[in-house]
Amino acid sequence: MTALAHGVGARHDLPLPLDLVLQGAAVALLASFLALGLLWTEPRFTPAEPAPGRDRWPVRASVAVGLVLVPGPAWPHLVFVLLWVGVPVLSVLLGPVWRVLNPLRLVIPVSRDRPYPERLGHWPAALGLLAFTWVELVEPGALPWFLVAYAAVNLAGGFAFGRTWFERADGFEVFSTLVGRLSPLRGNPFRALAATPVRPGLVAVVAVLLGSTAFDSVGSTPAWERLGVPDAAGLVATTALVAGSYLLACRAFGGELAHSLVPIVAGYVVAHYASLLVVEGQRAVALLVGADGFTPSTALAAPAPVASVQVGAVLAGHLLAVVSAHDRALRLLPERRHLTGQVPLLVLMVGYTAGGLALLFAG
């Protein structure tokens, strides 16, 4: 199966027997839930922030200079492939790399460093990510305008509030930092996830990331085209559905379990865009170095390895999410409700898994 994505190329996926995939996923989640309920009766993950990285100002300066020299045709690949997909994948492996690469952070030394309003939380990041996914999935031609607005807003925010602005309000950096908590190179990922600050807008950020990935699959189906609904409305609806389902299932916990959805976000990014990154990532590098007429190799995007990566990434993300959510729930629930209090969350996880796999392989 080939599906258009990002306005720069295509994803290549294999439609596996969907009923078998869904049954296997449901069994895996149910079995893990029962095993955790019987064997994991006390919380084990003490929250601990990952080992801090070092600011690398020369790297940012080099990136800033390099961006000035980027050829015009390379910008869509640079943003839609390397930044939007490549940076999160690298973050899962190495930690929050965008914190190091982000050239807009060069404004920090001259910032006024005012206190960042706590009530804003991650809401600016959520709105920025929603705007970007609208450009990515609905109106790719608006990319230049988005980049200008993104740079202007974040330079102004960085000048006013310093590094706190980028940590909480820059959508790309918040995304990179969240999935970077999964990096095994910076400590125990479960402890890092448990230390995720619960701020206003955190659920919204996760909902945008999951909802936009879901709509990328929905929007490419013939059934969606026949509905005639504007793509912008579909993007907002899928994002609202993810947020609403979480808030309904986890209403007793508020945003305290939002961190447990981060592995699902990472799994979907890898599963949904693996073939796009492998193929169009090559083209992006070729465009950056000015290699005309380059034809990327599709060997690594063959159906069998792609399907294996997709199923493995989705299931691994969901299993990590179940473990993380279970451990946090043990801290929040009274002992008599350690199992029954998690049933709505289990239903939510099964729903996300089934819906994600159905969209991935039946879309």
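Me: How many salt bridges does the structure hold?

Reply: This predicted model holds 5 salt bridges.

Me: Why is the contact between Glu 49 and Arg 181 called a salt bridge?

Reply: The N to O distance between the two side chains is 3.2 Å. The definition asks for a side-chain nitrogen of Lys or Arg within 4 Å of a carboxyl oxygen of Asp or Glu, so the pair qualifies.

Me: What makes this pair a tie between parts of the chain?

Reply: Glu 49 sits in the loop between helix 1 (18-39) and helix 2 (57-68), while Arg 181 sits in the loop between helix 8 (171-180) and helix 9 (189-194); the parts tied together are therefore 132 residues apart in sequence.

Me: Why is Arg 181 called buried?

Reply: Its relative accessibility is 8%. Buried means under 20%, so Arg 181 counts as buried.

Me: Is Glu 118 buried or exposed, and how do you know?

Reply: Glu 118 has 52% relative accessibility. Exposed means over 50%, therefore Glu 118 counts as exposed.

Me: What makes Arg 168 and Glu 118 a salt bridge?

Reply: Their closest N and O atoms are 3.0 Å apart. The cut-off is within 4 Å, so the pair is a salt bridge. Arg 168 belongs to helix 7 (residues 163-169) and Glu 118 to the loop between helix 4 and helix 5, 50 residues apart.

Me: Why does Arg 168 count as buried?

Reply: Arg 168 has 14% relative accessibility. The limit for buried is under 20%, so the term applies to Arg 168.

Key. Residues numbered from 1 in each chain as written. Predicted model: local features only at pLDDT ≥ 70, side-chain atom pairs only at ≥ 80, totals over all residues. Heavy atoms only, no water. Helix = DSSP H or I, 4+ residues; strand = E, 2+ residues; numbered from the N terminus. Buried < 20%, exposed > 50% of the residue type's maximum accessible area, 1.4 Å probe, protein only.
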